[in-house]
Amino acid sequence: MHSAVQRANTAATIAAILLATICAAASFLDAFNSPSLQAHVQVVKINRFRRQLDGNDEVKMTLKMSMDLTSLFTWNTKQVFVFLAAEYETDTNSLNQVSLWDHIVQEKERASFQVKVPTKYPLIDQGTNLRGKKVGLVLHWHIMPISGRMIQGKMPLSNFSLPDSYTTRS
Amino acid sequence: MDWQGQKHAEMLMQIFLVFSAVAAFGAGYLMRDFRLMMLIYAGGVVLTALVTVPNWPYFNRHPLKWLDPSEAEKHPKPQVSNITSSSSSKKKASKNK
């Protein structure tokens with residue numbers, strides 16, 4: 001404390017430690033947020049269901065989704081990454097999860113919406129197991145905070161069954 | 001600054017910074033705005049630096065009384081006494097044995 005530079009150094013060090021403390025406190029309080037979100041998804045139609053040239057099944061469909069993610073946002077949330085996964089079981093894999101659609105929500109005001117979209121990513125199987133398969137749709141989300149660790153969650157939504165035979169583009 | 005001033009400055013620094021942190025967190029939590037918390041905290045840190053880092057006259061109200069140079073000549077530094085020098089030579093002699 002004898003020179004101005006020493007005092008400045010001390011002030012900067014204490015300020016940095018306290019900054020870490022308040023960020024940790026903000027992150028800690030996030031754990032008490034119990035979100036209650038609503039979501040609904042419906043397969044409007046199967047656009048294409050075929051077998052690719054390299055032998056794997058591929059499905060493209062149109063989905064109608066509505067969701068309300070506002071309860072996931074706290075004051076310490078930077079953005080929420082949400083994606084819809086198709087989950088099903090095959091002989092070789094007990095669980096297959098394929099992402100069909102994803103979205104980044106950066107503001108709480110834009111967290112509640114409805115869309116009718118074709119799937120961003122096709123449902124491609126490791127093999128040819130999709131004919132007549134019962135597929136469950138699960139909504140997953142990753143909450144990315146401003147400070148702290150990422151929080152993950154998921155919610156199962158409706159199921160649907162794929163057709164028994166390949167279709168051509170309608 | 002003098003010694004009293006240094007102690008005072010350090011105490012003020014700690015109090016100001018902790019208060020800034022608590023006020024910033026409280027305001028941010030109540031207004032649900034992370035950016036507000038950061039702004040208040042930054043303002044508090046700058047205010048603390050302005051108050052405690054420069055050498056304000058307020059911190060120099062108990063100045064040390066350094067000895068006047070003319071006084072110092074009247075009281076010369078004490079010489080190394082004979083006792084200590086002989087004991088050190090005794091030690092040297094014992095080492096050589």
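1. Helix 1 of chain A and helix 1 of chain B have axes that come within 10 Å and cross at roughly 25 degrees. That angle makes helix 1 of chain A roughly parallel to helix 1 of chain B. Their crossing is right-handed. Please keep in mind that this is a predicted model.

2. Here is who touches whom in that pair. Helix 1 of chain A brings Arg7(A), Thr10(A), Ala11(A), Ile14(A), Ala15(A), Leu18(A), Ile22(A), Ala25(A), Ala26(A) and Leu29(A), while helix 1 of chain B brings Ala9(B), Met13(B), Gln14(B), Leu17(B), Val18(B), Ala21(B), Phe25(B) and Tyr29(B). Sorted by class, the contact has 15 nonpolar, two polar and one charged residues.

3. Helix 1 of chain A, residues 4-30, also packs against helix 2 of chain B, residues 34-52. The axes of these two come within 11 Å, with a crossing of roughly 160 degrees. Helix 1 of chain A and helix 2 of chain B are therefore roughly antiparallel, and their crossing is right-handed.

4. On the chain A side of this second packing, the residues are Arg7(A), Ile14(A), Ala15(A), Ala16(A), Leu18(A), Leu19(A), Ile22(A), Cys23(A) and Ala26(A). They meet Phe34(B), Met37(B), Met38(B), Tyr41(B), Val45(B) and Thr52(B) from helix 2 of chain B. The residues of this contact divide into 13 nonpolar, one polar and one charged.

5. Within chain B, helix 1 (residues 3-31) and helix 2 pack at about 165 degrees, with their axes 8 Å apart. This makes helix 1 of chain B roughly antiparallel to helix 2 of chain B, and here too the crossing is right-handed.

6. The residues joining the two chain B helices are worth a look on screen. From helix 1 of chain B they include Leu12(B), Phe16(B), Ser20(B), Ala24(B), Gly28(B) and Met31(B), and from helix 2 of chain B they include Leu36(B), Ile40(B), Gly44(B), Leu47(B), Thr48(B) and Val51(B). By class, the contact of helix 1 with helix 2 of chain B has 17 nonpolar, five polar and no charged residues.

7. Most residues other than glycine have a negative phi.

8. Finally, the interface as a whole. Chain B gives 24 residues to the contact and chain A gives 21. Between them the chains bury about 2,000 Å², and 81% of that lies on carbon and sulfur atoms. How many salt bridges are there between chain B and chain A? The count is zero.

Conventions:
Residues are numbered from 1 along each chain as its sequence is written. Chains are lettered from A and ligands numbered from 1 in the order in which they are written. This is a predicted model: local features need pLDDT of at least 70, side-chain atom pairs count only at pLDDT 80 or more; totals for chains, interfaces and linings use all residues. Side-chain values use heavy atoms; hydrogens and water are left out. Axes are lines fitted to C-alpha atoms, for helices over the stretch in contact, and angles run from 0 to 180 degrees between N-to-C directions. Helices (H or I, at least four residues) and strands (E, at least two) are DSSP runs, numbered from the N terminus. Angles under 35 degrees count as roughly parallel, over 145 as roughly antiparallel, 65 to 115 as roughly perpendicular and the rest as oblique. A crossing is left-handed if the near helix is turned anticlockwise from the far one by less than a right angle, and right-handed if clockwise. Contact means heavy atoms within 4.5 Å. Ala, Val, Leu, Ile, Met, Phe, Trp, Tyr, Cys and Pro count as nonpolar, Asp, Glu, Lys and Arg as charged, and the others, Gly among them, as polar. Buried area is the accessible area (1.4 Å probe) that two parts lose on being put together, summed over both. A salt bridge is a side-chain nitrogen of Lys or Arg within 4 Å of a carboxyl oxygen of Asp or Glu.
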